[in-house]
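Visitor: I would like to go through this structure feature by feature. Please give the general idea each time, and then the case at hand.

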There are 2 protein chains.
Amino acid sequence: MPFDPLTLRYDAAGLIPAIAQDATSGQVLMMAWMNADAVARTLATGRVTYWSRSRQAFWIKGETSGHVQELVEFRIDCDRDCLLVRVDQTGPACHTGRQSCFYTLVDGSGETVTAAPMVG
Amino acid sequence: MPFDPLTLRYDAAGLIPAIAQDATSGQVLMMAWMNADAVARTLATGRVTYWSRSRQAFWIKGETSGHVQELVEFRIDCDRDCLLVRVDQTGPACHTGRQSCFYTLVDGSGETVTAAPMVG
């Protein structure tokens, strides 16, 4: 039976969180949001597409920057209210130029930036 | 400077999504929510503690089941509105008994369950 994006559980704004993970390294790259149409577009095109809450528009990851995410695996969690997209990431996933958005480590001494922007 | 959980960005309900990743295997285990107090408790105790939206109560992961998450690394993303906790997971992370909540794969043929509950 074909997958129906409307069977997922969305929040009051019609959104579901999507975690992007590098399919090769396993690194968690970012978290963003999809609506049902973005889910459908991601599955249909193989190009990961989010919903931008700030712009209120589809956000085809990398459309402007070239830092695209090619879909490798699309997974849903047990509660059907969170997505895991395993991707082939071209260039950095983070808008700061870093591979992952999760470059800030917190420990007893405070915050430490653990990665530099990628070069080239 | 010590880390202040109030410097994170929470949603209208005072919550921030937290992705749990197995620190050894890199497997993404689950996503749940924390409030500022859960963030503080997680950092202070080293035992990952969420906020249960259904129970409206702290949820010390594994307190009932024994399937605890020992904190290895606590990371925040570039927008300070998502957390990545890298953990030592005891037993399955998922309430279905599976290692990860993301055991359902979606592709052109529909949904496929890719993991069985852990035994023992």
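Guide: Start with cysteines: a disulfide is a pair of cysteine sulfur atoms within 2.5 Å. This is a predicted model, in which local features need pLDDT of at least 70 and side-chain atom pairs count only at pLDDT 80 or more, while totals for chains, interfaces and linings use all residues. Residues are numbered from 1 along each chain as its sequence is written, chains are lettered from A and ligands numbered from 1 in the order in which they are written, and side-chain values use heavy atoms, with hydrogens and water left out.

Visitor: How many disulfides does a search of the whole structure find?

Guide: Zero, over all chains. A:Cys82 is in no disulfide, and the nearest cysteine sulfur, that of B:Cys82, is 8.8 Å away. For A:Cys94 the closest cysteine sulfur is in B:Cys78, at 3.7 Å, which is too far for a bond.

Visitor: Are A:Cys82 and A:Cys94 buried or exposed?

Guide: Buried means under 20% relative accessible area, exposed over 50%, and partly exposed in between, with a 1.4 Å probe and protein chains only. A:Cys82 is buried, at a relative accessible area of 1%. A:Cys94 is also buried, at 4%.

Visitor: Next, strands. Which strands pair with strand 7 of chain A?

Guide: Helices (H or I, at least four residues) and strands (E, at least two) are DSSP runs, numbered from the N terminus. Two strands pair if DSSP finds at least two bridges between them. Strand 7 of chain A, residues 104–107, pairs with strand 5 of chain B, residues 69–76, in the antiparallel sense over three bridges. Here A:Leu105 stands opposite B:Arg75. Strand 7 of chain A is also joined by four bridges to strand 8 of chain A, residues 110–113, again antiparallel. In that pairing A:Thr104 stands opposite A:Val113. Strands 7 and 8 of chain A form a hairpin with two residues between them.

Visitor: What is the area buried between chain A and chain B?

Guide: The size of an interface is often given as the accessible area lost when the parts come together. Buried area is that loss for two parts (1.4 Å probe), summed over both. Between chain A and chain B the value is about 2900 Å², of which carbon and sulfur atoms give 64%. A:Cys78, A:Phe102 and A:Val106 supply 22% of the area that chain A buries against chain B, more than any other three residues. Counted by contact (heavy atoms within 4.5 Å), 38 residues of chain A meet 38 residues of chain B.

Visitor: Where do A:Arg80 and B:Glu111 lie?

Guide: First the bond itself: their side chains meet in a salt bridge, 2.7 Å from N to O. A:Arg80 lies in the loop between strand 5 and strand 6 of chain A and B:Glu111 in strand 8 of chain B, so the pair joins two chains. A:Arg80 is partly exposed, at 22%, and B:Glu111 is partly exposed at 39%. B:Arg80 forms a salt bridge with A:Glu111, also with 2.7 Å between the closest N and O atoms. B:Arg80 is in the loop between strand 5 and strand 6 of chain B and A:Glu111 in strand 8 of chain A, so this pair too joins two chains.

Visitor: Which residues do salt bridges that share partners join into one network?

Guide: A:Glu73, A:Arg75 and A:Arg86. A:Arg75 is buried at 14% relative accessible area, whereas A:Glu73 is partly exposed at 23%.

Notes:
A salt bridge is a side-chain nitrogen of Lys or Arg within 4 Å of a carboxyl oxygen of Asp or Glu.
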